[in-house]
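Subject: Handing over a structure

Hello,

I am passing on the structure we talked about, and below it you will find my notes. Please have a look at it before you read on.

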Amino acid sequence: MSRVEAKDIDWENLGFNYMDLPYRFTAHWKNGEWQDAGIVEDSTLHISEASPVLHYGQAVFEGMKAYRTPDDSVQLFRPDQNAKRMQSSCERLLMPVFPEEQFVDAVKQVVKANIDFVPPYGSGATLYLRPLMIGTGEMIGVHAADEYIFTIFAMPVGSYFKGGLSPVNFITSDYDRAAHRGTGQSKVGGNYAASLLPGDRARKQGFADCVYLDPIEHRKIEEVGAANFFGITKDGIFRTPKSPSILPSITKYSLLWLAENRLGLKAEEADVYIDRLDDYSEAGACGTAAVISPIGGLQHNGKLHIFYSETKVGPITGELFNTLTGIQFGTVEAPEGWVERIL
Ligand code: PLP
Ligand code: COI
């Protein structure tokens, strides 16, 4: 792919697509330590054919964004939380940890190096950052690698789901993406490999993605594609599922806090039963890429359940969206420690 130039980008019409920007951060784990850490221009990774990532999926990643504020500053949203989650994903796959302070510093270096690609305030677009660690070296037995590459690349993005803040429809899947004692809580590549077929089937049927149910009984909602689920009950509770097989979404935990402390709602992690959708007046998918995507309808066992509307955003979902994105773009006061200005 050829390098893009910032002047050629249509900021208002970006989707969620890879772009080969000029700079990324890389570090190499060799002989028990991180070496050669710094910004590089080469966007190709050079690895052995025997690398454990290629055979046994030893790969973890993160997703985060840099936001341009109205005063033309640039800020990150809770980068320490991404660093911590990546550490726990690495521990689950027996990978070395990239220390939190160095992680946040490396993210800042990538944003500063590609500063012309942080979309203008008001376009709704952001600079998405993709930290990634893979097991490399020559280890063909089923063991942890003895070498690793850590990299962070960036790309400007718009909406992940086509609708943006317009509601989209989902369908439940018969497949599971992760087991209760598996790797669902970790952001590991294998979970996403398992989600490709169910996601593709959902899209071929005209839905934005699929909703996963709990892997034990298929009675409770777990996740919405690559995002967490939340619902607003008819008596005004913000409810989001708690399960050992879902990814602990930083957006979800932020919304739990904002629902309670800014919107004055009761907010809880609790079971969301697929046969009790009538309890909810609104529902949404939340995540870094998804931001907040209102769920218009959810199809299950051949029946489409409509939450608030297939075309309009519910009032609480809208208020949560405005509060969250206001904090991220620097127009709403952030809770202590949630945003980090880069420049
Ligand atoms: N669930 C899955 C499976 C994801 O891939 C993501 C994306 O990171 C999320 C939930 C949302 O997590 P976060 O809000 O931390 O981006
Ligand atoms: C994110 O929201 O950052 C994600 O990682 C979702 C992604 C897999 C598209």
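A definition to begin with: two rings of Phe, Tyr or Trp (for Trp, its six-membered ring) count as a pair if their centres lie within 6.5 Å. Please keep in mind that this is a predicted model. Searching the whole structure on that basis gives 16 aromatic pairs.

One of them joins F98 and F150: the centres are 4.2 Å apart, the planes make an angle of 25°, and the pair is stacked. Planes under 30 degrees apart count as stacked.

Now to the ligand. Ligand 1 sits in the largest pocket. Elements that contribute two or more residues to the shell around ligand 1 are β11 (227-233), α5 (250-261) and β14 (280-287). In total, 16 residues surround the ligand, and the closest are Y192, E223, S249, T251 and T288. Sorted by class, the shell holds six nonpolar, six polar and four charged residues.

Which atoms meet the oxygen atoms of ligand 1? From the side chain of T251, an N or O atom lies 2.5 Å from a ligand oxygen. T288 also places a polar side-chain atom 2.5 Å from an oxygen of ligand 1. With I250, a backbone N or O atom is 2.8 Å from a ligand oxygen. Of the 380 Å² of accessible area that ligand 1 has on its own, the protein covers 96%.

Best wishes

Key: Residues numbered from 1 in each chain as written. Chains lettered and ligands numbered in written order. Predicted model: local features only at pLDDT ≥ 70, side-chain atom pairs only at ≥ 80, totals over all residues. Heavy atoms only, no water. Near = heavy atom within 4 Å. Polar contact = N/O pair within 3.5 Å; in protein donor to acceptor, adjacent residues only side chain to side chain. Areas by Shrake-Rupley, 256 points an atom, 1.4 Å probe, with all protein chains shown as cover. 1 Å grid on protein atoms, 1.4 Å probe; cavity = no way out; pocket = protein on both sides within 12 Å on 5 of 7 lines; lining within 4 Å. Sits in = over half its atoms within 2 Å of the grid points. Helix = DSSP H or I, 4+ residues; strand = E, 2+ residues; numbered from the N terminus. Nonpolar A, V, L, I, M, F, W, Y, C, P; charged D, E, K, R; others polar. Phe/Tyr/Trp six-rings, centres within 6.5 Å; stacked < 30°, edge-to-face > 60°.
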